[in-house]
Amino acid sequence: MLISASQSGDVVVPPTREAAQAWTSIAEAHRLLVMAEEMAHVGHWQFDQISGLGYFSDEARRMFGFAEDVTITREPVLNAYHPEDRARVLALLNDHIAAGTRFEYPAKIVQPSGEVRELLVRGRCDRNPEGTAVVTFGTVLDVTEIRRTEQRLQETSTLLTNTLNTMDQGLLMIDADGIVQVCNARAIELLELPAAMMQSKPSFSTVVRYQQEQDDFAKSDPSFQGWVASGGLESRPQTYERERPNGTVLEIRTVPLSDGSAVRTFTDITERKQNERRIAHMARHDDLTDLPNRTLFHECLNQRLDALQRRGGGCAVLCLDLDRFKAVNDTFGHLAGDALLREMAGRLKRIVPAGDVVARLGGDEFAILVSDVDRSETMSDLAARLVAAVKVPTLIGAQSVQVGVSVGIALAPEHGVNGETVFRRADLALYQAKADGRGTFRMFEFAFDDRAADRLSLEIDLRHAISSGTLALHYQPQARSDTGEIVGFEVLARWDHPVRGSIAPATFIGLAEETGLILPLGELVLRAACREAAGWARPLKIAVNLSPRQFSDVDLPERILAILAETGLSPARLELEVTETVIINDLERARAVLHRLRAMGIHISMDDFGTGYSSLATLQAFPFDKIKIDQSFVSSMDANPQSKAIVRAVLGLGHSLKMGVVAEGVETAAQLQFLSASGCDEVQGYFIGRPQPVEIFGDIIHAIDRL
Ligand code: C2E
Ligand code: CA
Ligand code: CA
């Protein structure tokens, strides 16, 4: 093309074969040059400074957008430059041509199609011996694509830097030689590194050394510190968490790249960790006292027992149950109850050696794990101190309140090596402590296991006795103290066990209350007593005991009404004996139920008066018809003048509240004499009559003539 379409326009036909061959090889060289220029985006050019005519190679023409027929002179070439560049290029060329120096300049040209391209023009000016510039020539390089790529790279790099510096994670990039090539602002902030040091592209080991000097790994274990000191970069990806001295927790993730470099990110997970810890704490602690809860207690116990089996030694479990807590809770309200529980939790914690576990299992139940026990006496001492500490009265508001605690103790390995067994046995010992009168402690004995098994078999038998109707009722007369006239009977349940013989009501009523059997038992007694009394000729009263458990049944009044309707007994002849516990359990409901019962015409007596918690307050708030002075006051009257005073006071109180007063447990003539003289309305006790089968009282209940 150079030859056939050169700017001279001459086409020369070669005269000889040799010339033809030379011609061919020149043509071939030209073809290669054109190809090379095209591929390299390089063109070449030449200007005759004298004629003003120029030559542009094919590639140079393409860059300028010159058609083949355009004659290359200064004018079209200058005009092709972008208007912005034109003056600069012209001045630059003139300077260099005048000075005869090499030149190089970037410039934009606008092709006839309007497309703008960026070129890099290089050239040289040759002069004749006189020093006149005769020819300029050079190359032109199309750098449009290169510039575009450079710009894209620049944009990407800016974007990357911005991203790195605004991202929430810290980031370090460590190259294969261990140099920290990239460190973003967040990494500097999170790791509290000196910005100047990080900008100097330090080695990673320099950074680690700095951190060691700052004691940055103080909260990590020694093996971790050793690993960090050795470079802490492994060829496998890994993630770990580390707490910094300022309390922030970092999640550090290292991703090794195939070229030997590694990217390490640092995420601040302090808040997440705190939440996790809080949730984990809540799941294993009691929110009222912040003591470990049942779950954590059993975990600790099992851990301790595992260690014990491997390394020997001994530990102890103490089960505790506050006495009379429920009464306080119900009398003074839940806030007071909560305050009391917190106070008691604090007392227990102060007495138990640090490092041992005091847990609240729920309600007023606590448990203690003593990790190292050599002698059982030590545990008895501890339990005695716990009992004494809880007994100290505490102030709730202006009220002085006193509760107690019962404690059961079991030892490992003596009483078991498995958590469940040791705990159950401590609980059995607690049960025994409560049975022994509360406010005391008991160490587990193997006989307790038998007792527990025994209780279970007794429960099965009681259930059977209730369903088969083999429980019997005894009737104990109640008489006027002035005339001695029998006015009614208290109905008392009796159980004659086919194998064990007669079982005390204290035993089986207690068992029935614990197991819930008291509900069918109570209903059975009530129905049988009502049916019995309905058949009597004389309209004597019957007094039936009602347990607190029966009282928590909301349908109690309806149930009683149904029984009255079914048996035909007049409600006026039925008296229900309740203890203060009934009232204390749920004040408002108790009041409502008692009012409904009274509205039906049923009479209510307060049983065991004087042994409860808040007698006077209860009496004022509840509509009792009668008060039964507990037998403990009556029996101690002879020996203790104070008891007489109490009995008199109760009589005065009852009468001023317009309630009848009955004295229980009257065993002697002297007692009867005193009570009668003091104005006690009715009496009940062995002196008047023992509880016996109703047949014994046939004369009294059917003696119409005595009406
Ligand atoms: P309680 O209601 O205080 O019944 C009076 C208890 O005192 C009876 O004991 C009775 O036998 C006894 N007692 C009567 N007079 C004398 C006396 O002069 N001297 C002495 N030392 N004791 C006397 P018991 O029958 O063993 O009943 C004990 C408790 O069992 C009763 O105490 C009552 O709370 C409960 N109980 C008995 N039967 C029933 C029942 O059917 N239902 C419910 N819920 N509880 C019952
Ligand atoms: Ca009673
Ligand atoms: Ca009683």
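Analyst: Start with one term: a polar contact is a pair of N or O atoms within 3.5 Å; within protein, one must be able to donate a hydrogen and the other to accept it, and residues adjacent in sequence count only if both atoms are side-chain atoms. Glu667 makes such a contact: a polar side-chain atom of Glu667 sits 2.5 Å from a nitrogen atom of ligand 1. The model is predicted, so local features need pLDDT of at least 70 and side-chain atom pairs pLDDT 80 or more, while totals for chains, interfaces and linings use all residues. Side-chain values use heavy atoms, without hydrogens and water, residues are numbered from 1 along each chain as its sequence is written, and chains are lettered from A and ligands numbered from 1 in the order in which they are written.

A polar side-chain atom of Glu490 is 3.1 Å from an oxygen atom of ligand 1. For Asp608, the distance from a polar side-chain atom to an oxygen atom of ligand 1 is 3.3 Å. Alone, ligand 1 exposes 790 Å². The protein buries 81% of that. These accessible areas come from the Shrake-Rupley method with a 1.4 Å probe; for residues, only the protein chains shown count as cover.

Which elements give two or more residues to the shell around ligand 1? They are strand S19 (486-497), helix H17 (505-515) and strand S23 (603-609). Helices (H or I, at least four residues) and strands (E, at least two) are DSSP runs, numbered from the N terminus. S19 gives the largest share of the shell, 4 residues.

Now the shell itself. There are 20 residues around ligand 1. A residue is near a molecule or strand if one of its heavy atoms lies within 4 Å of it. Gln476, Arg494, Gln631, Glu667 and Tyr686 come nearest to ligand 1. By class, the shell has 8 nonpolar, 6 polar and 6 charged residues. Here Ala, Val, Leu, Ile, Met, Phe, Trp, Tyr, Cys and Pro count as nonpolar, Asp, Glu, Lys and Arg as charged, and the others, Gly among them, as polar.

Finally, a look at another part, helix H8 (residues 204-213). Phe204, Val207, Val208 and Gln211 of H8 are buried, meaning under 20% relative accessible area (1.4 Å probe, protein chains only). Down the axis of H8, its buried residues fall within an arc of 100°, so they line one face of the helix. That arc is taken over the directions from the helix axis to the C-beta atoms. Asp215 follows H8 and has a positive phi, near 60°.

Notes: Buried means under 20% relative accessible area, exposed over 50%, partly exposed in between (1.4 Å probe, protein chains only).
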